[in-house]
Amino acid sequence: PAVSVWKWATFLALFGIAAVFLWKKTPERLAQSGMLAFLGAAFVVNFHFYPNLLPYQSTAAAPRFARERGIPVERLGFFNRHGHALDFYAGHILTQIDSPEQARRVAAETGDFWLYTDSTGRARLDSASVRYNPVATFGHFQVALLKPEFLSPSKRDKTLTPVYLLKIEPQ
């Protein structure tokens, strides 16, 4: 996706100033070229490339969604699927649920409980007759493990794995 013209104008201005400063002060042109290439690539990767891909990583998107909906992190857990980014973006170590029975027990003890899980986890909850309401579905891709299919917008949907945020109800 395109980004703000002001962001790119600022980048180009700073990059130009750095280029002029380095070109005049450093005699080693090879070092200058390498430094400028590194700075330009680092800017693009950190301020454009990965920020635009991060919404496809559900371990970042699910905690953000929960925070926007006012779901308390103390009542948020994961079942059958986890990533350390889930804890990082939640700002809290989430509760690990190891079985459908534990999910049922935690909901009975604490009231409504939200669970981040994948299709296999959801099927396990279904087979154990755990009552839940689907709150959100996310398409997940681990953005640190990029593949050409994911980078192509026309093929991206085929690479996404569905994951869910479910509201487990006390039973």
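Which residues make a nonpolar surface patch of about 290 Å²? The points below answer this and then turn to the sheet and the salt bridges.

1. The model is predicted. In it, Met35, Phe38 and Leu39 make the nonpolar surface patch, with an area of about 290 Å². Leu39 belongs to helix 2, which spans residues 29-53. Leu39 counts as partly exposed because its relative accessibility is 35%, and partly exposed covers the range between the buried limit of 20% and the exposed limit of 50%.

2. The sheet is open and has five strands in the order 2-1-3-5-4, with mixed pairing. Its edges are strand 2 (95-97) and strand 4 (132-140), each of which pairs on one side only. From one strand to the next, the twist averages 25 degrees.

3. Within this sheet, strand 1 (residues 76-79) and strand 3 (residues 113-118) run parallel and are joined by four bridges. Phe79 has Thr117 of strand 3 as its bridge partner.

4. Helix 6 (residues 119-127) lies across strand 1, strand 3, strand 4 and strand 5 (161-168). The angle between helix 6 and strand 3 is about 125 degrees.

5. Side chains of opposite charge can pair when their charged atoms come close. With a cut-off of 4 Å between the side-chain nitrogen and the carboxyl oxygen, the count comes to three salt bridges.

6. One of these is between Lys167 and Asp112, whose closest N and O atoms are 3.3 Å apart. The pair links distant parts of the chain, 55 residues apart: Lys167 is in strand 5, and Asp112 is in the loop between helix 5 (100-110) and strand 3. Both partners are partly exposed, Lys167 at 24% relative accessibility and Asp112 with a relative accessible area of 26%.

7. Glu169 and Arg131 also meet through their side chains in a salt bridge, at 4.0 Å from N to O. Glu169 lies in the segment after strand 5 and Arg131 in the loop between helix 6 and strand 4, so this pair ties together parts that are 38 residues apart in sequence. Glu169 counts as partly exposed at 23% relative accessibility; Arg131, with a relative accessible area of 45%, is partly exposed too.

8. A further salt bridge joins the side chains of Arg69 and Glu68, at 3.6 Å from N to O. Is Glu68 buried or exposed? Glu68 is exposed because its relative accessible area is 57%, and the exposed class begins over 50%.

How values were computed:
Residues numbered from 1 in each chain as written. Predicted model: local features only at pLDDT ≥ 70, side-chain atom pairs only at ≥ 80, totals over all residues. Heavy atoms only, no water. Patch = residues over 30% accessible without salt bridge, like charges linked within 9 Å, V, L, I, M, F, W, Y side chains within 5 Å. Areas by Shrake-Rupley, 256 points an atom, 1.4 Å probe, with all protein chains shown as cover. Helix = DSSP H or I, 4+ residues; strand = E, 2+ residues; numbered from the N terminus. Buried < 20%, exposed > 50% of the residue type's maximum accessible area, 1.4 Å probe, protein only. Pairing = 2+ DSSP bridges. Axes fitted to C-alpha atoms, helices over the stretch in contact; angles between N-to-C directions. Contact = heavy atoms within 4.5 Å.
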